[in-house]
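Student: Can we go through the pockets in this one, and then a helix pair? I've got the viewer open.

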Amino acid sequence: MNNLKIIFMGTPEFAVPSLEILVENKFNVVAVVTAPDKPQGRGQKLTASPVKELAVKYKIPVLQPSNLKSTEFVEELKSYEANLQIVVAFRMLPEIVWAMPALGTFNLHASLLPQYRGAAPINWAIINGEKETGVTTFFLKHEIDTGSIIFQEKEKIHNDDDAGRLYERLMHKGASLVLKTAKAIEEGDYPSLPQKVATETKHAPKLFKETCEIKWNRPSEQILNFVRGLSPYPSAWTTLNGKVSKIFLVQTTVDSRQSTVNPGKIDTDNKTFLRVKTHDGWISILEFQPEGKKRMRVEEFFRGNKI
């Protein structure tokens with residue numbers, strides 16, 4: 001071991017197990033590149049990224065460039081003389097950075113590429129009702145998420161999965177795949193297969209607030225998947241009592257007696273249930289977060305509020 005000199009690039013919690021597994025398996029991570037500290041909370045205290053916190057714990061040098069193309073950063077990166085770079089949940093890299101190491105730069109992506117290229121693959125796989133997804137390691141090249149595939153691992157999507165549960169499983173499955181990929185590259189025995197683009201390629205674009213509004217005129221199954229795919233973050237939302245409510249947990253219900261009711265119509269006893277008419281049935285809201293309040297069960301909300 002130790003033929004590799006690795007620079008690891010990542011920022012959020014999703015990247016932490018990947019860095020940890022490399023260090024615990026005695027790989028030589030010579031530096032970590034992560035986002036600059038950000039002000040957070042009421043006091044706007046500068047807070048380090050989860051990846052930086054782990055790097056500091058392991059006494060690994062940390063680089064936090066605001067500009068990935070700056071001469072100062074590029075020269076500092078070169079000074080570590082790394083022959084492999086590993087990217088997990090980081091920004092888009094300029095070619096001067098990803099083309100630097102002799103053995104290349106590989107990325108971990110939370111889908112089975114070429115499906116679900118983009119910023120939010122976990123969310124979109126559930127939103128679209130997929131039964132399977134996975135993780136992919138691939139070499140970076142010019143076009144985002146298009147480089148040659150090294151390894152893939154599949155992961156089943158269960159009916160009760162939301163984005164949070166699937167995120168947790170893919171985070172750890174991805175870390176194991178990063179380790180497998182690093183070992184294979186070190187041994188010089190690894191596949192590098194060009195992506196075959198399917199006739200129907202599904203994308204995973206970044207999610208914005210307007211993307212996350214529930215459209216009640218859609219079929220119940222679509223709305224159910226939509227809420228699951230956005231829970232707990234960034235969360236689906238709708239307007240109740242003239243205020244925005246984040247919706248976290250719903251279930252479909254059938255009531256043929258009210259098939260003539262228009263989509264979006266609210267039905268509640270203001271005690272135990274709250275449901276909304278869809279294109280082909282009803283969706284019961286079980287857990288939500290009314291504007292200005294904490295996340296709660298519907299029954300809890302009704303103890304002091306009405307709709």
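What follows is a chat about pockets and helix packing in this predicted model.

Student: What's the volume of the largest pocket?
Tutor: About 1,500 Å³.

Student: And how many residues line the largest pocket, and which lie nearest its centre?
Tutor: The lining has 46 residues, with P12, A89, F90, A119 and A120 nearest the centre.

Student: OK, what about the second largest pocket, how is it lined?
Tutor: That pocket holds about 220 Å³ of space. Its lining has 14 residues, and D160, D162, R165, R228 and L249 lie nearest its centre. Helix α7 (220-230) and strand β11 (243-253) each give two or more residues to it. By class, the lining has 5 nonpolar, 2 polar and 7 charged residues.

Student: Switching to helices: how do α1 and α2 cross?
Tutor: The axes of α1 (residues 16-24) and α2 (residues 50-57) come within 9 Å, crossing at roughly 20°. The two are therefore roughly parallel to each other, and the crossing is right-handed.

Student: Which residues make the contact?
Tutor: From α1, V16, L19 and E20; from α2, P50, V51, L54, A55 and K57. By class, that contact has 6 nonpolar residues, no polar ones and 2 charged.

Notes: Residues numbered from 1 in each chain as written. Predicted model: local features only at pLDDT ≥ 70, side-chain atom pairs only at ≥ 80, totals over all residues. Heavy atoms only, no water. 1 Å grid on protein atoms, 1.4 Å probe; cavity = no way out; pocket = protein on both sides within 12 Å on 5 of 7 lines; lining within 4 Å. Points joined across faces, edges and corners; volume = space filled by probe spheres on them. Helix = DSSP H or I, 4+ residues; strand = E, 2+ residues; numbered from the N terminus. Nonpolar A, V, L, I, M, F, W, Y, C, P; charged D, E, K, R; others polar. Axes fitted to C-alpha atoms, helices over the stretch in contact; angles between N-to-C directions. Parallel < 35°, antiparallel > 145°, perpendicular 65-115°, else oblique. Left-handed = near helix turned anticlockwise from the far one by under 90°. Contact = heavy atoms within 4.5 Å.
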